[in-house]
Amino acid sequence: IYFPSYMPQMLLRYGVTTVADLNNDTDWILLQHEAFNSGKTRGPRMFVSGEAMDGPTSVTNTDQRVVVHSLKTPEEARAYVRSLVARGVDVVKTNYTLTYDQLAAILDEAKKAGVPVVGHSRNMRKAAELGMKYMEHMNTVAWAVLDDDMGYERWQREGFTPERRMDTSKFPALVDFMVKQGVFINPTLVNNWRT
């Protein structure tokens, strides 16, 4: 669980009054959300997603700290978004192995509910074309400017480092496209590339 019990008091002590939790056990984080936002417990105001959505080939949940909800079809994706919204999440979170059909269904359902979608994608350009506005990590940028357009799938098979194969001549067009689409990127460079 990414939001341990000591965290709320520590955040307040250092002046952090608002946080986003973008992948946690849904029941647990919604209880935290309600307790902090109502003032029943001391802690920062929270915006939460509950469990992130992943596709049929999910590899994320091999790490015990990461909680994901694996989906098989676009219909399951729509139903899961509706269930999260009904429970009171502020945002929904996506993960890498969602198919583009599933991602399109998630974006459509979330838009109907007025809830933003944030997260990971196999390719930033393709996700933005579907309507995704908030992206996590720079590898989705790398996969959007690879010379063979098979970035994510090849990374899964071979474990290569996409950053070393980027076609930098594609950057200006990608940047222009992202600006036109109104896409925000959380690069998390320290987390991903600190080694």
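Leaving aside its neighbours within four places in sequence, which residues is Thr17 in contact with? In this predicted model, the partners are Pro44 and Arg45. Let's start there and then work through the rest of the chain.

Thr17 sits in the loop that runs between helix 1 (7-13) and strand 1 (18-21). Its relative accessibility is 52%, and because exposed means over 50%, Thr17 counts as exposed.

Along the chain, Thr17 and Met46 are 29 residues apart, yet 8.6 Å separates their C-alpha atoms.

## The chain as a whole

You will find 9 helices and 8 strands in the chain. Of its 195 residues, 42% count as buried. The accessible surface comes to about 10,500 Å², and carbon and sulfur atoms account for 54% of that area.

Taking the contacts between residues at least 6 apart in sequence, 63% join residues at least 24 apart.

## The largest nonpolar core

In soluble globular proteins, nonpolar side chains tend to be buried together. Here, the largest nonpolar core has 35 residues, and those touching the most other members are Met53, Val92, Ile106, Val117, Met132, Met135 and Met178. At least two residues of this core come from each of several elements, including helix 1, helix 2 (26-38), strand 2 (45-48), helix 3 (74-87), helix 4 (100-113) and helix 8 (171-181). Helix 5 (124-130) and helix 6 (139-144) also supply at least two each.

Setting aside residues up to four places away in sequence, Val117 touches Val91, Val92, Thr94, Ile106, Leu107, Ala110, Met132 and Tyr134.

Ser121 lies in the loop between strand 6 (117-119) and helix 5. With a relative accessibility of 3%, Ser121 counts as buried, since buried means under 20%. Not counting residues up to four places away in sequence, Ser121 touches Tyr96, Ala127, Met135, Thr140 and Trp143.

Ser121 is also part of a cavity lining. Rolling a probe the size of a water molecule over the atoms shows where empty space is left. A search of the whole structure finds 1 cavity of 30 Å³ or more, and about 40 Å³ of space lies in the largest cavity. Thr94, Asn95, Tyr96, Leu98, Tyr100, Leu103, His120, Ser121 and Arg122 line this cavity. By type, the lining divides into 4 nonpolar, 4 polar and 1 charged.

Definitions and conventions
Residues numbered from 1 in each chain as written. Predicted model: local features only at pLDDT ≥ 70, side-chain atom pairs only at ≥ 80, totals over all residues. Heavy atoms only, no water. 1 Å grid on protein atoms, 1.4 Å probe; cavity = no way out; pocket = protein on both sides within 12 Å on 5 of 7 lines; lining within 4 Å. Points joined across faces, edges and corners; volume = space filled by probe spheres on them. Nonpolar A, V, L, I, M, F, W, Y, C, P; charged D, E, K, R; others polar. Helix = DSSP H or I, 4+ residues; strand = E, 2+ residues; numbered from the N terminus. Buried < 20%, exposed > 50% of the residue type's maximum accessible area, 1.4 Å probe, protein only. Contact = heavy atoms within 4.5 Å. Areas by Shrake-Rupley, 256 points an atom, 1.4 Å probe, with all protein chains shown as cover. Core = buried A, V, L, I, M, F, W, Y, C linked by side-chain atoms within 4.5 Å.
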